[in-house]
Amino acid sequence: MNVVVCVKQIPDPAAPQSLEAGTNTLDRSGKLILDDSDAYGVEMALQLAEQAGGGEVTLVSMAPNGETSGLRTALAMGAASAVLVSDDSLKGADALTTAKVLAAAISKSQPDLVVAATESSDGYTGTTPVQIAELLGLPSITFAKSVAIDGNTVKVDRQTESGYDEVTSPLPAVITVTAGVVEPRYPSFKGIMAAKSKPVETLTAADLGVSTGSPNQEITSVDDAEARAAGEIVVDEGDGAQRIVTFLEQLKVV
Amino acid sequence: MTIAKIWVVAEASETGLTTTTLELLTAAREFATTVEAVAWGADTATHAATLGEYGVSTVHDVGDIGDALPGAPVAGAIAAAIAAGQGPDAILIPTSYDGRDIAGRLSVKADLPVLTNITGLVGGDSLTTQHPVFGGTQIVSAHFTGQGPGIYVIRAKSFAPEPSGGAAAAVSPLSVPDLGNTNAAVIGSRHVEERTGPKLDEAAVVVSGGRGLGEAANYALVEELAKLLNGAPGASRAIVDAGWVPYSNQVGQTGKTVKPDVYLACGISGATQHMVGMKGSKNIIAINKDQDAPIFTVADLGIVGDVHKVVPALIEALKSR
């Protein structure tokens with residue numbers, strides 16, 4: 001079974017973030033890493049391919065500056081190859097344009113299953129995977145908390161407000177996985193070494209025949225949000241719990 | 001100047017229209033002359049009275065979608081209306097599991113851009129959207145520049161729901177075009193998980209746990225404290241990612257937005273990811289061993305201490321009352 005995993009390389013969430021002057025889009029010019037959210041999709045894809053008795057896991061990604069270090073992390077986990085769409089015209093691309101680019105890249109490999117995270121950790125738009133499914137004319141099941149393959153069918157427990165639904169879909173299909181569904185493996189030393197020589201194909205939007213056009217949304221301003229008034233911060237001297245009780249009493253919660 | 005017509009995608013649960021739907025209807029009334037809803041399911045007519053109360057003149061009924069997921073059929077029906085020139089000027093969709101599916105599919109079908117994670121709207125000839133960034137410390141304002149109705153995906157608790165007292169909405173069928181393979185996913189069975197307390201996003205008190213709890217087993221303390229306070233247990237992304245608790249407990253940017261009367265953060269440092277989902281709470285109490293933890297910048301009461309000591313002591317104190 002061949003699986004494509006959509007992955008995103010993002011600015012390290014632990015590092016200070018800023019908006020670019022002029023465009024007010026997130027500054028992604030620094031080093032990019034594999035989005036933590038995507039490690040679950042990569043792991044899920046590797047496990048499903050193994051359970052199906054073989055097949056390849058291919059990564060598909062879009063990045064503005066030819067960045068590949070995040071892709072190498074996922075390759076080190078065990079993915080076979082990667083396709084990176086990198087193009088100056090894609091800088092600041094919206095979710096729909098991103099989906100058009102990724103869908104075009106995915107359709108080249110005709111996978112049985114496309115896996116993505118429910119949303120990225122930097123932009124967190126959360127619509128791109130379903131947009132990809134619609135562009136490819138495929139069914140989709142989002143917010144998967146467990147995934148199994150049974151012949152030509154994918155079976156998913158899908159998160160709902162009140163619990164979960166058991167949902168099935170014929171393959172090929174697009175699924176999105178929530179964090180914590182599987183435990184991502186740490187790349188082994190052997191995996192890290194092997195990743196260095198795994199193929200990463202770099203394409204432009206034009207190679208894929210996708211016209212990027214001008215963005216149809218714009219940021220008009222960035223303002224400071226109203227700050228909360230400073231509270232009382234105290235070091236626990238054994239009275240911390242009592243202070244909380246007193247505060248809850250003042251609020252008439254207890 | 002106002003917008004002529006807004007459609008709100010109206011979601012219902014077993015107990016009626018969702019709160020977020022009512023919030024969006026309230027907002028839509030402020031910005032548009034005409035507010036209409038799009039709903040689906042076998043019993044849309046039963047919601048007509050409530051929809052009318054919230055200012056809806058007509059509800060476009062997609063009808064019974066059977067065991068299909070709503071994304072493809074609802075988006076298909078709306079896109080067909082837009083293509084036929086019968087669409088609105090703006091479409092408001094709740095940020096929910098199904099809402100995002102509908103928004104994504106609709107965006108492609110109608111070739112329209114989508115703005116998500118909206119927490120505020122400003123009216124006028126067209127809508128300006130507000131999005132919190134960097135843990136909600138800054139607000140980005142944006143708008144659509146192209147033609148056609150914009151798709152706005154709005155987070156829960158962005159507006160206060162307020163009925164306007166209108167007559168029941170007229171129900172008008174909205175037909176679903178052929179969806180081909182895109183509608184092939186089928187719900188086999190639905191499972192309702194037992195919940196003893198209030199829902200996370202509706203609870204007056206939320207007690208959340210984070211990495212500072214040390215290990216998964218200690219989350220039981222958070223659950224016990226939540227129960228004692230008639231609240232709901234929540235979680236930071238870190239412990240959801242670690243597999244300690246399910247995604248449905250997650251508070252934050254990639255989880256739920258909560259605005260309880262009291263938010264009690266136990267062993268949560270306050271990553272920007274988390275803060276954006278809870279800093280709208282009326283009162284915030286934080287327990288963390290690191291006095292420089294960002295969570296203390298939003299706390300009304302901060303206890304710099306060990307959650308393993310403070311939380312059990314708090315549980316004992318509440319039990320002995």
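Tutor: In this predicted model, a helix is a DSSP run of H or I with at least four residues, and helices are numbered from the N terminus. Helix H4 of chain A covers residues 128–136, and H4(A) is followed by A:Gly137, whose phi is positive, near 70°.

Student: What makes helix H4 of chain A count as largely enclosed by the rest of the structure?

Tutor: A residue is buried when its relative accessible area is under 20%. In helix H4 of chain A, 7 of the 9 residues are buried, and therefore the helix is largely enclosed by the rest of the structure. The buried residues include A:Thr128, A:Pro129, A:Gln131 and A:Glu134.

Student: Why is B:Val245 called buried?

Tutor: Its relative accessible area is 7%, and the limit for the term is under 20%, so B:Val245 is buried. B:Val245 lies in the loop of chain B between helix H6 (237–241) and strand E16 (262–266).

Student: How do you know that B:Val245 is in contact with B:Tyr219?

Tutor: Contact requires heavy atoms within 4.5 Å, and B:Tyr219 is among the residues that B:Val245 contacts once neighbours within four places in sequence are left aside, as are B:Ala235, B:Ile239 and B:Val240. The value of 8.3 Å between B:Val245 and B:Tyr219 runs from C-alpha to C-alpha, across 26 residues of sequence, whereas the contact rule refers to heavy atoms.

Student: Why does B:Ser141 count as buried, and which residues of chain A does B:Ser141 touch?

Tutor: Because its relative accessibility is 7% and the cut-off is under 20%, B:Ser141 counts as buried. This serine is found in strand E10 (residues 138–144) of chain B, and it touches A:Glu218, A:Ile219, A:Thr220, A:Ser221 and A:Asp223, as well as B:Thr128, B:Thr129 and B:Gln130, not counting residues up to four places away in sequence.

Student: What makes the pair A:Thr212 and A:Ser89 a polar contact?

Tutor: The two side chains make their contact at 3.4 Å, and a polar contact needs N or O atoms within 3.5 Å, one able to donate a hydrogen and the other to accept it; the pair therefore meets the definition. A:Thr212 sits in the loop between strand E11 (200–203) and strand E12 (217–224) of chain A, and its contacts outside four places in sequence also include A:Leu90, A:Thr97 and A:Ala205.

Terms used:
Residues are numbered from 1 along each chain as its sequence is written. Chains are lettered from A and ligands numbered from 1 in the order in which they are written. This is a predicted model: local features need pLDDT of at least 70, side-chain atom pairs count only at pLDDT 80 or more; totals for chains, interfaces and linings use all residues. Side-chain values use heavy atoms; hydrogens and water are left out. Helices (H or I, at least four residues) and strands (E, at least two) are DSSP runs, numbered from the N terminus. Buried means under 20% relative accessible area, exposed over 50%, partly exposed in between (1.4 Å probe, protein chains only).
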